[in-house]
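Me: I'm new to this one and I'd like to know where its labels come from. Can you show it to me and take my questions?

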Amino acid sequence: MTARAWDGVAAVGSGILFGVGLVLSGMTRPEKVVGFLDVGGAWDPSLAFVMAGAIAVHVLAYRWTRARKAPLFTAKFGIPSRRDIDVKLLLGAGVFGVGWGMGGYCPGPGIVSLASGAAGPLVFVAAMLLGMLVTAKLEQLSAASSDRNGQQRAKVV
Amino acid sequence: MTQNFTPFSSLAGGVLIGLAASLLLVASGRIAGISGIVGGLLAPRAGDRAWRLLFLSGLIGAGLVMAALTPSAMTASPRTLGWVAAAGILVGVGTRLGNGCTSGHGVCGISRLAPRSLFATATFMATGVLTATLLRWLGAGS
């Protein structure tokens, strides 16, 4: 098999492992997520164990990658390099958290729960895609207008 | 504390999520951030589409198998559909503005001690806790 084919196998395999993990962990039970976030209520700390387990494993994988120039089947690592903390990051994370606490779904569990055939996940994922599309559109427009402004300023100078 | 406390299955699920993210990183050099994987499909670049679709088909395929094996593991949201719809829009907007969600920032980014992910995770945990608490106080949403 070619490296490109193995890359595809890894993507499917990662998706499967991720999906099984989300269901097993309890993340596809929105009332449990809300019970975790509602620390002043009947607090259910289980979901802290999900993050702890995932990070404990992934820290090792990340350490392994640091000693290598490239991943197994592609040319390079696509690890984000930005380090600046800007308003957009914090605003976006804040808005995401409000939505998470409101519905009890973050993106992964919402998508996996589509498999249940229930209305909730379907409504959640459709609304999430709409929110993503609108945001991408607005970001495009704002980038285009700041480009134009930049060019105009350049002309004035 | 509630009797729904499930430390062992939650830890085991977390380990699987960590393995999933590790497989994608080690094999392909990619970050297993769900909102980023979906978001990248909405404005695809050449040659950057197939792996996203493959990942998501694995994710949903696993969901179908798990839904058949343990249907009780996927419950309905405690909120009404109107609240769920509003929540979905906020999650979509927020994860795109903030470049990530629970997986990309919360698992992958924290594992690298990436400063942006540490700040983002602290922020969405804080607003998530505030929102869930406030809705209970107000008796709203359900």
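This is a predicted model: local features need pLDDT of at least 70, side-chain atom pairs count only at pLDDT 80 or more; totals for chains, interfaces and linings use all residues.

Me: What makes up chain B, helices or strands?

Reply: Chain B has 6 helices and 0 strands, in the order α-α-α-α-α-α from the N terminus on. The elements are DSSP runs numbered from the N terminus: helices are H or I with at least four residues, strands are E with at least two.

Me: Why are α1(A) and α1(B) called roughly antiparallel?

Reply: Their axes cross at roughly 165 degrees and come within 7 Å. Axes are lines fitted to C-alpha atoms, for helices over the stretch in contact, and angles run from 0 to 180 degrees between N-to-C directions. Angles under 35 degrees count as roughly parallel, over 145 as roughly antiparallel, 65 to 115 as roughly perpendicular and the rest as oblique. So α1(A) and α1(B) are roughly antiparallel.

Me: And why is α3(A) roughly parallel to α1(B)?

Reply: Helix α3 (residues 46-66) of chain A packs against helix α1 (residues 7-28) of chain B at an angle of about 30 degrees, with the axes 7 Å apart. That angle makes the pair roughly parallel.

Me: Which residue classes meet where α3(A) touches α1(B)?

Reply: That contact has 20 nonpolar, 9 polar and no charged residues. Here Ala, Val, Leu, Ile, Met, Phe, Trp, Tyr, Cys and Pro count as nonpolar, Asp, Glu, Lys and Arg as charged, and the others, Gly among them, as polar.

Me: How many residues does each chain put into the contact?

Reply: Chain A gives 110 residues and chain B gives 103, where two residues are in contact if their C-beta atoms, placed from the backbone, lie within 7 Å. On the side of chain A that touches chain B, α1(A) gives the most, with 19 residues. By class, that side has 69 nonpolar, 31 polar and 10 charged residues.

Me: What makes Asn99(B) count as buried?

Reply: A residue is buried if 20 or more other C-beta atoms, placed from the backbone, lie within 10 Å of its own, exposed if 12 or fewer, and partly exposed in between. Asn99(B) has 22 such neighbours, so Asn99(B) counts as buried. Asn99(B) sits in the loop between α4 (81-97) and α5 of chain B, and its phi is positive, near 55 degrees, in a residue other than glycine.

Me: Is Leu113(B) buried or exposed, and how do you know?

Reply: Leu113(B) has 10 C-beta neighbours inside 10 Å, so Leu113(B) counts as exposed. Its place is the loop between α5 and α6 of chain B.

Me: What length is expected of helix α6 of chain B?

Reply: The expected span is 1.5 Å times one less than the number of residues. Helix α6(B), residues 115-138, has 24 residues and reaches 35 Å from its first C-alpha to its last, close to the 34 Å expected. Its buried residues, including Phe124(B) and Leu135(B), pack against α2 and α4 of chain A together with α5 (102-111) of chain B.

Terms used
Residues are numbered from 1 along each chain as its sequence is written. Chains are lettered from A and ligands numbered from 1 in the order in which they are written.
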